[in-house]
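Biologist: Could you pick one part of this model and walk me through it closely? I'd like to hear what sits where and what touches what.

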Amino acid sequence: MEEKPETVKLTYTIHKYSSYSANYMPENIMVDEPSDQLSRWFTDSNTPSQYIMLKLKSPAIVETIKFGKYKKAHVSDLKKFQIFGGMDENNLSLLLSAGLKKDNQADPFRLRHRTLEGLYLPIQYIKIVPLQSWGPAYNYTIWYIELQGKNQMDLISNALDTINLRKEEEAVRILLKHLRRRRYKDAFEALSRESGVQLEGPLQARLWNALVENGDYKLAEEILEEAMQEGEFDWYMSWQPYKPVWRQMSACSSGVEAELCCGDLQTPRIRDTCCADADRPEELPPNANGVVEVSEPCHVTTANPSASSSCCSKPGPRGGHQLVVDATTGTLYLFGGWNGTEDLDDLWSFNTVTERWSLLCWHSNHVGGPSPRSCHKMVLDPLRRRLYTLGRYLDNAQRVPANMTSDLYMYDIEAGTWTLVCGDTAAAGGPRLVFDHQMCIDPDTQTIYVFGGRVLPANTEEVVTPQYSGLYAYYVATGSWQLMLADRHELPAPQPRVAHSMLFHPVQRRLYIFAGQRNKEHLLDLWWWDVSTGRYGALCAAATACPPVAGFTQRATLDPDTDEMFVLSGMSKEKDKRVYNTLWVFSLTRMTWTCVYRNDTVSPDEPRPRFAHQLVYDPVKKIHYLFGGNPGIQTSPRLRLDDLWALQLTRPSIERVFLTARAALREACFKELCASGKELTAVEYLRNDVRTALDHSDPQQVERFQKLATVLFSGGAGELDVAAALSPRRTRTLHSRRIAQRAPPDLAQALAAVLGADDNMPEPTQPFEDIAVLPVDTWDVGEDADCPPPSPAWNMRAARLTLYDNLCQYFRPSSVPPQQNVTELVNL
């Protein structure tokens, strides 16, 4: 295996700075002295123009930057800042926008060190721009800066060469775009031939010729349809934002609704933040008569669902339960949880087709199954139709030796029976009794993976020093356990934790581990672990690299078809402990996070905010299912929810995207017919072709269609301000106008500035240049002022060119001309 270049501490010098105050010189940031009040750079102003620029000893791939701090939180620390970097100090790219925490702990940040295409981005200059301090009226302070990255000569040389080649390629593409747009045909063909650079893909080139050069709208429409069928729109579709659509499949019971109407949305005190699912009061409050009320649902003394009473038509309220989905049958399975009073051991199934609950087992403990529990985990083997459950939370009173063994149970769905697979997993080489762990199953190899979780303390010492469980693999076929990653390790691998998420990707055969908490540290990292090879790595290891702020009981799901991970938050980790639900989508392909849903209020069309809930995903139907949880009602701390919701994330279909593009083509064709003076043909085209291309159930499209009729009377789209290509005649016209309109600098303004009449600094004076008179060419006769304006045909081509640019959004950027224009790079 090829060795990766080592990450090292990088050496730098202070290249430039905006200002400094007294003895707080910029060089102070090169020394880490957290106890020295004077060891810092302190600006002489707090305007946004303040900056400090660092120069690396040699070009490097700068991966991280660490801001040291004073021993106490300081009001002049940077609440907001930006970092820019590049090889040229006058041409820098944004690498990071962030802010320091208001504490005395050093803050590390991961810098952008690759291009959008994934190429290494070597830099030599780093510019730090303070934007805001924690004290609004204070100037800015930086105590210490440490840079980490790669500076190996071979790596940097190769990266610089690759970047220069890429820049040259893009520069040629921009030139080719300009030459073709202006119809410099010979120059376009010569540059393309000599450089070997292609401006666009073959299909896009055909679209250009049909639409822009020939005005053949019918052929352009056929090419677009061909592009859709060949998957050319797939890249565009993958970037379209999701629209969340919630549907309630089972409402809360009447008793829960009554308490919800009377309560206020406040978060109850969490007794054990490591098990927010449990959230159990030590004592139940008495009612007005002094009697402790225990909400007890109807009882069934048999595991036979047919023997259940009519009142057991759905599961009761709960949190800290487990919910799994069988995508092959569209069935949900629900087990256990905490109802606010006691742990449960009932097992239910929900048919997503008939939308009915079925009781599979009322008291699993009575028929050889697991005891009542919460904060456990359950997985489903869809091939063999088996459920496996492991772990549980115990209150202090329950932590007696007889209860401290970790058991693994299996439920056979076809037979309807529970089996104790392993009575003590720790004795068999597996994890001790844990809660808030994560569990995944690989059904192809019959392997169950268990990672993290808090080990229930067996003595006083373990209470003081929390114990976490590592990564274990359980092989169902042999009934054996394997420790793959210990609790305490020094490897560049994920640290065991609680309140995290772990997902198994059946195609990539990888485990993905996200966020969590270890001791008092909140983790916001994302790791992968290849179960076939044992290799692992971090997709983002720095706290600022992962935008979603995962809260208590955040839930995650995975779609192996789209390579997307969904994360639904539960409760914030801030001091106010607000309950809200935010859904983020992470693309494993693009490595980007997107927020698609947020709800911190009560709405009838959406599930009320909650934590300690369960969220599962059916990758076949592409539907999420949400059940139960804690709504955070302060006046009813025992209240739990029992509603079931379905969430479908929708995007515009590829057919609708094509219809939108087709409608744009036909509208443009209609306008061109009007501009060409073919009114009768235009009327027929509007009635027969444009009308059928629009969705007349959409009021906006109907309004646009009605306005198209006015184009008939205006003679087309009107005059366009079109830039024309140069010719010898046009070049001479430009030269003549420059001589006629050239004026010396504004002497009055300059004189006023010298005399102090204007406090503002004048713009730097540019040297005045006398324009030489071009010799008259015998091959180009006529007056310069006779240069004709662009022809109507050129104007109509320009309109088609604009339409082509709009259609380019549906294709990959590498297969269409670049967005930049040469003319926009010219400053006059």
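Modeller: A word on naming to begin with: strands here are DSSP runs of E at least two residues long, and they are numbered from the N terminus. Keep in mind that this is a predicted model. With that naming, Ser406 falls in the loop that runs between β17 (386-390) and β18 (408-412). Buried means under 20% relative accessible area, so Ser406, at 1% relative accessibility, counts as buried. Setting aside neighbours within four places in sequence, Ser406 is in contact with Leu390, with Cys422, Gly423, Asp424 and Thr425, and with Pro431, Arg432 and Leu433.

For another look at burial, go to helix α10 (residues 699-708), where the buried residues are Gln701, Phe705 and Leu708. They cover an arc of only 55° around the axis, so they sit on the same side of α10. What do these buried residues of α10 pack against? Their partners are α8 (654-675), α9 (679-693) and α11 (711-714). Over on the other side of α10, you'll find Pro699, Gln700, Gln706 and Lys707 exposed. Gln700 also turns up at the start of α10: its backbone nitrogen has a side-chain oxygen of Asp698 within 3.1 Å.

As for sheets, there's an open one of four strands, ordered β12-β13-β14-β15 with antiparallel pairing. β12 (322-326) and β15 (356-361) stand at the edges with a single partner strand each, so one side of each has no neighbour in the sheet. From one strand to the next, the twist averages 25°. β15 pairs with β14 (residues 343-351) in the antiparallel sense over five bridges, and Leu347 stands opposite Cys361 in β15.

Key: Residues numbered from 1 in each chain as written. Predicted model: local features only at pLDDT ≥ 70, side-chain atom pairs only at ≥ 80, totals over all residues. Heavy atoms only, no water. Buried < 20%, exposed > 50% of the residue type's maximum accessible area, 1.4 Å probe, protein only. Contact = heavy atoms within 4.5 Å. Arc of directions from axis to C-beta. Polar contact = N/O pair within 3.5 Å; in protein donor to acceptor, adjacent residues only side chain to side chain. Pairing = 2+ DSSP bridges. Axes fitted to C-alpha atoms, helices over the stretch in contact; angles between N-to-C directions.
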